[in-house]
Amino acid sequence: MANLATFFLLCLSLSMSSYFQAFHTMAHEWPAGRSTRFYDFKVQTLRVTKLCKTKEIVTINNIFPGPVVYAQEDDRIIVKVTNETPFNATIHWHGVRQKLSCWFDGPSYITQCPIQAGQTFTYEFTLVKQKGTLLWHAHVSWLRATVYGAIVVYPKTGVPYPFKHPYEEHIVILGEYWLRDVVQLERQVLASGGAAPPADAFTINGHPGPNYNCSGHDVYKIDVVPGRTYLLRLINAGLNMENFFAIANHKLTIVEADAEYTKPFTTDRVMLGPGQTMNVLVTADQPIGKYSMAMGPYMSAQNVAFQNISAVAYFQYLGAVPNTLSLPAKLPSFNDNLAVNTVMDGLRSLNPVNVPKEIDTSLFVTVGLNVNKCRSKTPQKNCQGMNNGTFAASMNNISFVKPTISVLEAYYKKIGGQFTEDFPGAPLQFYDFVNRAPNNAPNNTQAINGTRTKVIEFGSRVQIIFQDTGTVTTENHPIHLHGYSFYVVGYGGGNYNSDTANFNLIDPPYMNTIGVPVGGWAAIRFVADNPGVWFMHCHLDIHQSWGLGVVLIVENGEGELETLPHPPADLPRC
């Protein structure tokens with residue numbers, strides 16, 4: 001696979017860069033990549049048979065998982081997306097920092113209106129100083145249940161990995177699969193006021209594996225040579241679950257997290273939340289045989305139904321007896337918080353980094369669930385949340401409501417009535433968030449609805465403390481910030497206390513999605529040097545649908561290189 005990828009990159013760089021230099025003109029020459037890569041994405045429906053049933057799913061180019069976007073550091077990417085389905089569509093390039101290209105970030109009603117049936121939109125962005133494993137996925141409704149794929153960004157030509165070059169590389173995408181139509185499912189869940197049902201299966205590269213009905217041959221497999229070392233590019237593209245991953249009898253050495261190199265850290269298992277990526281080295285150093293690669297649930301919340309059957313793939317040695325039984329992988333129990341913290345404790349940037357020491361903008365943001373009072377005349381149908389209320393989610397007790405046009409377009413064109421700039425920098429009331437949160441649902445657990453944003457001055461050194469709350473249940477929340485990576489300078493259990501919090505300002509990991517610990521807090525820092533409108537939200541889609549998000553507006557700086565460019569001519573209309 002490594003040789004195939006190298007050949008692909010060489011062919012692509014020779015053919016596409018010259019083609020687009022002649023064919024495509026850009027309003028802004030910077031940031032400009034070394035080469036230009038073109039991809040043609042067609043949003044299409046595909047009939048698939050899984051778990052004994054046949055259904056239509058939404059895909060890109062009738063591939064599930066979708067096509068891999070290959071590139072090198074500093075390359076420019078151009079992706080023409082044509083929507084051939086009846087559903088609205090957008091594509092988000094998760095983890096791409098979109099330097100001066102906010103218009104192409106992809107979240108619906110945040111930076112663009114959806115690409116409607118029959119329409120086309122071309123995304124253009126440069127991978128400025130970025131390399132590693134990222135992902136792309138739909139960012140409208142729950143379409144990313146099947147609309148997702150990998151982004152593999154190689155170092156510049158001649159630049160080696162900071163570890164011994166692996167014998168082969170393999171992409172391993174963790175996912176969730178529903179037998180029901182996911183667009184209808186989201187509507188039904190929101191209309192019910194209740195919780196989302198669990199997925200019908202977990203998948204590894206689209207395959208459930210032998211633990212599920214009719215799936216004995218629907219299994220992903222990696223053939224390995226004894227003694228060789230392999231690089232696995234792990235991606236969690238799941239919708240509503242965080243997941244453990246392990247390989248039977250094999251150690252995983254983490255060398256990259258969220259497309260940034262880390263100090264090598266060896267473990268028996270890893271946990272990835274939706275949107276998180278991790279590169280691990282695995283050496284085939286065990287007796288010849290067939291070993292299970294397993295994906296199972298991590299569920300830190302209380303009283304939530306979840307899929308508890310593991311997806312299984314095979315890590316199979318050459319020379320293994322055909323049809324032999326696979327050795328089972330040992331996954332942690334579904335609520336093993338210690339296993340999660342142990343891995344997080346081991347993540348450090350490869351080298352010392354330049355963490356902001358002085359802070360200009362400090363935010364304290366609570367994250368969690370709410371229960372609102374029933375307002376329906378048919379409560380049995382629409383108020384199936386706790387104590388006959390309706391579930392919601394919020395940051396600083398404000399549930400985010402998407403506007404009718406994109407926030408970015410309203411901000412750029414100064415269209416009033418779409419959003420306000422009054423998101424509070426701290427909760428209106430401080431209390432024991434973890435242990436003494438109001439829980440007399442729905443009487444004192446309600447959230448305020450609004451399209452509130454927080455405006456940040458260009459160049460500000462920003463610190464955000466995320467605090468989990470126990471209003472409904474404490475839970476690990478994977479929080480993703482668009483347009484930026486950030487240093488995870490600290491995290492811990494209980495309520496955040498500045499007097500006792502221990503920060504790493506030397507070599508913290510540089511991430512784009514951080515799991516805020518169950519019943520705990522996480523602290524991030526970054527410099528707001530990318531103007532635009534950036535979504536910050538929980539990457540569990542049910543929580544995002546319930547309103548667990550906010551928009552950060554980073555103002556323009558001075559000059560063209562610090563100013564948001566004008567919108568593209570083919571920007572979709574609402």
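Which residues of helix α2 (residues 182-192) are buried? I listed them as Val-182, Val-183, Leu-185, Glu-186, Val-189 and Ser-192. I call a residue buried under 20% relative accessible area, exposed over 50%, and partly exposed in between (1.4 Å probe, protein chains only). Helices (H or I, at least four residues) and strands (E, at least two) are DSSP runs, numbered from the N terminus.

**Entry 1. Ground rules.** I am working on a predicted model, where local features need pLDDT of at least 70, side-chain atom pairs count only at pLDDT 80 or more, and totals for chains, interfaces and linings use all residues. I number residues from 1 along each chain as its sequence is written, and side-chain values use heavy atoms, with hydrogens and water left out.

**Entry 2. Confidence.** I looked up pLDDT, the predictor's confidence in each residue, from 0 to 100. The chain has a mean of 94, and 94% of its residues reach 70 or more. Over residues 1-32 pLDDT stays under 50. For that stretch I noted 46 contacts beyond four places in sequence, a contact being heavy atoms within 4.5 Å.

**Entry 3. Helix α2.** I went back to α2 and asked what covers its buried residues. The cover includes α4 (379-382) and α6 (541-546). As a reminder to myself, an α-helix has 3.6 residues a turn, so residues three or four places apart point the same way. At the start of α2, I found a side-chain oxygen of Asp-181 within 2.9 Å of the backbone nitrogen of Val-183. I count N or O atoms within 3.5 Å as a polar contact; within protein, one must be able to donate a hydrogen and the other to accept it, and residues adjacent in sequence count only if both atoms are side-chain atoms. After α2 comes Gly-193, with a positive phi near 80°.

**Entry 4. Disulfides.** How many disulfides does a search of the whole structure find? I got 3, taking a disulfide as a pair of cysteine sulfur atoms within 2.5 Å. Counting bonded cysteines along the chain, I wrote the pattern as 1-3, 2-6, 4-5.

**Entry 5. Cys-52 and Cys-214.** The S to S distance of this disulfide is 2.0 Å. I placed Cys-52 in the loop between β1 (36-50) and β2 (53-60), and Cys-214 in the loop between β10 (201-204) and β11 (221-224), so that the pair links distant parts of the chain, 162 residues apart. The torsion about the S-S bond is about 95°, so the disulfide is right-handed. Cys-52 is partly exposed at 43% relative accessibility, while Cys-214 is exposed at 57%.

**Entry 6. Cys-113 and Cys-574.** Here I read S to S 1.9 Å. The pair links distant parts of the chain, 461 residues apart: Cys-113 is in the loop between β5 (91-94) and β6 (120-126), and Cys-574 is in the segment after β32 (549-554). The link is left-handed, with -100° about the S-S bond. Cys-113 is buried at 1% relative accessibility, whereas Cys-574 is partly exposed at 48%.

**Entry 7. Cys-374 and Cys-383.** I read S to S 2.0 Å for this disulfide. The link is right-handed, with 70° about the S-S bond. Cys-374 is partly exposed at 26% relative accessibility, and Cys-383 is buried at 3%.

Entry 8. Cys-538 counts as buried at 0%.
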